[in-house]
Amino acid sequence: MKYCTRCVMPDTKPGVLMDTDGVCSACRSVERKKEIDWNSRRTELEQICEEIKRTNTSCYDCIVPVSGGKDSQYQVWMMKQMGMNVLSVCLAAHLPTEEGIANYNSMITNLEVDNIKVNLKPSTYRKLRRKAFVKQGEPNWAEHCAVFASVVNVAVIYDVPLIVWGEDISVEFGGRSTIRKADALDINKNDLIKDKTIFDWLDDEITEKDVFFFKYPREELLQERKIKSIYLGYYDNWDGKKHYDLAEKYGFEGRKEGPLSGNYINYDNIDEKLCEINIWMKYIKFGFWRPTDQCCYQIWNGRMTRQKAVKIVNELQGQFPKEYYQDFLDYHMLTEKEFWETVERFRNHNIWEKSNDTWRIKYPLI
Ligand SMILES: [Zn+2]
């Protein structure tokens, strides 16, 4: 396990490579981002929007997938700036936080946008999440699958010609891809989904009739209906902090009690309660999680030194996401024993070792 000499990303992150200078591919991707002519990208986006406004015969010009978080608020705001008639679509959180509900409601009110909420029946969602946790150590796989598929299905149903996603996570946060691209039609194959589809999870308990909103529409259907899917991060210089500042003006509030355990900032994925354990599983598998992601992002955007990041990561990464642990157990109907047995099955013994009955990472970040 080696850490980047410029940020604090380890090479255990899937897709991240270190070059001969010890600099990670995510940092190199940040360098390339600085060379982009954002004004001409903006013009490209304006052209796409003008073309749609000129030719669109259905009511909505575009769909923006939303959670109520800072990034989705920014996306809605930006598309409204472009003069588009926006339909926002939300995959309902099953265990939303107070802040999540308030931010979602204030987004609809303050940004003046129509909204559709897709609510998945709890029994299917719970079973799928539980299976994804036990078999893959990744409970949110089911949710990611449903977010992408439900939004695109709504576009088909309402005949909306454009879907505007946020950032391409495979590029923005250092992943399998380093090439920034505009087209997002294959978003159902990104780093969050990998090579699986919902059909890999069907069995006696869950049938195809239970999973309409988990099924990504066929590529031919999307081509036939001329539905375009883009990453706003290709056209606009993506920056979570900038989005936070904008969303705050429209009533967005960070977590009132301050950052969650292991977090450095109080406005990252604060909408719902089931996400933190999913992210924490990266610590078990790859030896890093929230503090590394958040500090790297600050370094990449010139807001933190590596030295400070090392200190923060070492202080925070050992914290357990205790706040919603009981909610996680209750929702998935897991006992503590089942939870920890699953966690231990996914612990990466190449990077973890036990001393004095305590697990620690063999390769400290310095
Ligand atoms: Zn780096």
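Visitor: What makes strand 6 and strand 7 a pair?
Guide: Two strands pair if DSSP finds at least two bridges between them. Strand 6 (residues 352-355) and strand 7 (residues 358-361) have four bridges and run in the antiparallel sense, so they meet the rule for a pair. One of the bridges has Ser 355 facing Thr 358 in strand 7. The two strands form a hairpin with two residues between them, and Asn 356 in the turn has a positive phi of about 50°.

Visitor: What kind of model is this, and how are its residues numbered?
Guide: The model is predicted: local features need pLDDT of at least 70 and side-chain atom pairs count only at pLDDT 80 or more, while totals for chains, interfaces and linings use all residues. Residues are numbered from 1 along each chain as its sequence is written.

Visitor: What counts as a helix or a strand, and how many are in the chain?
Guide: Both are DSSP runs numbered from the N terminus, helices being H or I with at least four residues and strands E with at least two. The chain has 15 helices and seven strands.

Visitor: How do you know that strand 1 is covered on both faces?
Guide: A residue is buried if 20 or more other C-beta atoms, placed from the backbone, lie within 10 Å of its own, exposed if 12 or fewer do, and partly exposed in between. In strand 1 (residues 62-65), Cys 62 and Val 64 on one side are buried, and so are Ile 63 and Pro 65 on the other.

Visitor: What joins strand 1 to strand 2, and in which sense do they run?
Guide: Four bridges join them, and they run parallel. Cys 62 has Val 86 as its bridge partner in strand 2.

Visitor: Why is the unit of strand 1, helix 3 and strand 2 called right-handed?
Guide: A crossover is right-handed if, with the strands pointing away from the viewer, the path from the first strand over the helix to the second runs clockwise. Strand 1, helix 3 (residues 70-81) and strand 2 make a β-α-β unit of that hand.

Visitor: What follows strand 2 (residues 86-91) in the pairing with strand 3 (residues 114-118)?
Guide: Strand 2 and strand 3 run parallel and are joined by five bridges. Among them, Ser 88 is partnered by Asn 115 in strand 3. The chain passes from strand 2 through helix 4 to strand 3, again as a right-handed β-α-β crossover.

Visitor: Why is Ile 277 called buried?
Guide: Ile 277, in helix 11 (residues 275-286), has 21 other C-beta atoms within 10 Å and is therefore buried. Leaving aside neighbours within four places in sequence, Ile 277 is in contact (C-beta atoms, placed from the backbone, within 7 Å) with Pro 139, Pro 321 and Phe 328. The C-alpha atoms of Ile 277 and Lys 322 are separated by 8.9 Å, although the two residues are 45 apart along the chain.

Visitor: What makes Asp 159 and Lys 226 worth a look?
Guide: Asp 159 is not a glycine, yet has a positive phi of about 55°. Asp 159 sits in the loop between helix 6 (141-158) and strand 4 (162-165), and is partly exposed, with 14 other C-beta atoms within 10 Å. Lys 226, also not a glycine, has a positive phi of about 55°. Lys 226 is in the loop between helix 8 (219-224) and strand 5 (228-231), and its 10 other C-beta atoms within 10 Å make it exposed.

Visitor: How do you know that the chain agrees with a compact globule?
Guide: The radius of gyration is taken over C-alpha atoms, and the globule rule is 2.2 Å times the number of residues to the power 0.38. For 366 residues a compact globule would have a value near 21 Å; the chain has 20 Å, which agrees. Of the 366 residues, 40% count as buried.

Definitions and conventions:
Two residues are in contact if their C-beta atoms, placed from the backbone, lie within 7 Å.
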